[in-house]
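The following paragraphs go through a predicted model.

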Amino acid sequence: MACTAALGASSAMAATAERAAFGTLPDGTAVEAVTLTGSNGVSARIMTLGATLQSFNAPDRDGKVADITLGYDDATTYVTAPNFWGQTVGRYANRIAGGRFTIDGKPYQLPLNDKTNSLHGGTKGFDKYVWRITDVKSGPQASVTMTMRSAAGDQGYPGTLDVTVTYSLDDKGALTIDFQAKTDAPTIVNLTNHALFDLAGEGSAGGIYAQRMTVPAARYTPVNQALIPTGELAPVAGTVFDFTKPRAIGQSVRDGRDAQIVIGRGYDHNFVLDKGATKEPELAARVEDPASGRVLEVLTTEPGVQFYSGNFLDGSLKGKSGHVYRMGDGFALEPQKFPNTPNQPSFGSARVDPGKPYHHRMVYRVSVAR
């Protein structure tokens, strides 16, 4: 693995946070954004609509800064042409089979917004809420904190859930995201960020397929035709899912000899991280772009990471700077609990109870390979 250099700066420097208006939605709702900027050229803009990572700018080996996340230039388009571009997703990120789960013997039904599944919280997940800014700070770590309340029965979920998301940027290229949630009744929670990345810069001519990924996971969760895990924790060794050593994302993304690739139209699978659930964030994935030298590391306290290779981007969405997003123009690495955990006891538990808050900490850390 190539050595990398942190995008460091003098410890005397401080990151800054600037709050500004970011347009209005079609219904007249005002949207704000906070831009966190490090002294090393890394910056992140977080929008109140969806508590969204709207842009993430990082320099390459020559110091050229580019936005490495897909999305739109204005808030309105996130509503009129919806997709998951850097939003906070919940209450339950990923898929729940049939939109059904049971708590203490009582069944609950969620909206089906992904054929026969409920996906990313339903038809109005957390990505579609306008969150409230409660704190903005500059300093060694510039940060913004946003909150929202999801009422009992929202999208069919039990319990009133109070949710807080804090984005913090330091001067070394690390953007930390803290998700916290409290409930007044037993419920299920699984929160993550759904950024799609292209380390060459969003809308690059070559896309993501030459970028090289490593995932410290000896197993993954195969899926059925509905993209729901079968329950098996299958070994990656000898398969197209073996990223235990760096390999190009595009090397096997179209390998129709693997039934799982056919089902997902590429990669859309959860990897079982060797580290498991941890108290502090540990490495979930590393991606390096050989052309620009940019490196992205994803760290998490959660036991899994969903890798999605942009298979459903079909050229119908026009993103930032007029770029048309096509298959393979972005990848997502979503740290989380395994898909459909509420219906798979062997996967653990996604249950959250009163007095026992939920917390997930993840990190997007950028650097440059030398």
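The largest nonpolar core holds 65 residues, and the members that touch the most others are Phe56, Phe271, Phe331 and Tyr364. Strand β14, spanning residues 161–169, contributes the most to this core, with five residues. Around Phe56, leaving out residues up to four places away in sequence, the contacts include Val42, Ser43 and Ala44.

Arg95 lies in strand β8, which covers residues 95–97. With a relative accessible area of 7%, Arg95 falls under the 20% limit and is therefore buried. The side chain of Arg95 makes a polar contact of 2.8 Å with the side chain of Asp114. When neighbours within four places in sequence are set aside, the contacts of Arg95 also include Asn117, Ser118 and Leu119. Others among them are Ala226, Leu227 and Ile228, along with Asp268, Gln306, Pro339 and Asn340.

Five strands form an open sheet in the order β20-β19-β22-β25-β28, paired in the antiparallel sense. The edges are β20 (234–235) and β28 (332–336); each has a single partner strand, so one side of each has no neighbour in the sheet. Within the sheet, β19 (residues 219–221) and β22 (residues 268–272) are antiparallel partners joined over three bridges. In this pairing, Arg219 of β19 sits opposite Val272 of β22.

Definitions and conventions. Residues are numbered from 1 along each chain as its sequence is written. This is a predicted model: local features need pLDDT of at least 70, side-chain atom pairs count only at pLDDT 80 or more; totals for chains, interfaces and linings use all residues. Side-chain values use heavy atoms; hydrogens and water are left out. A nonpolar core is a set of buried Ala, Val, Leu, Ile, Met, Phe, Trp, Tyr and Cys residues joined through side-chain atoms within 4.5 Å. Buried means under 20% relative accessible area, exposed over 50%, partly exposed in between (1.4 Å probe, protein chains only). Helices (H or I, at least four residues) and strands (E, at least two) are DSSP runs, numbered from the N terminus. Contact means heavy atoms within 4.5 Å. A polar contact is a pair of N or O atoms within 3.5 Å; within protein, one must be able to donate a hydrogen and the other to accept it, and residues adjacent in sequence count only if both atoms are side-chain atoms. Two strands pair if DSSP finds at least two bridges between them.
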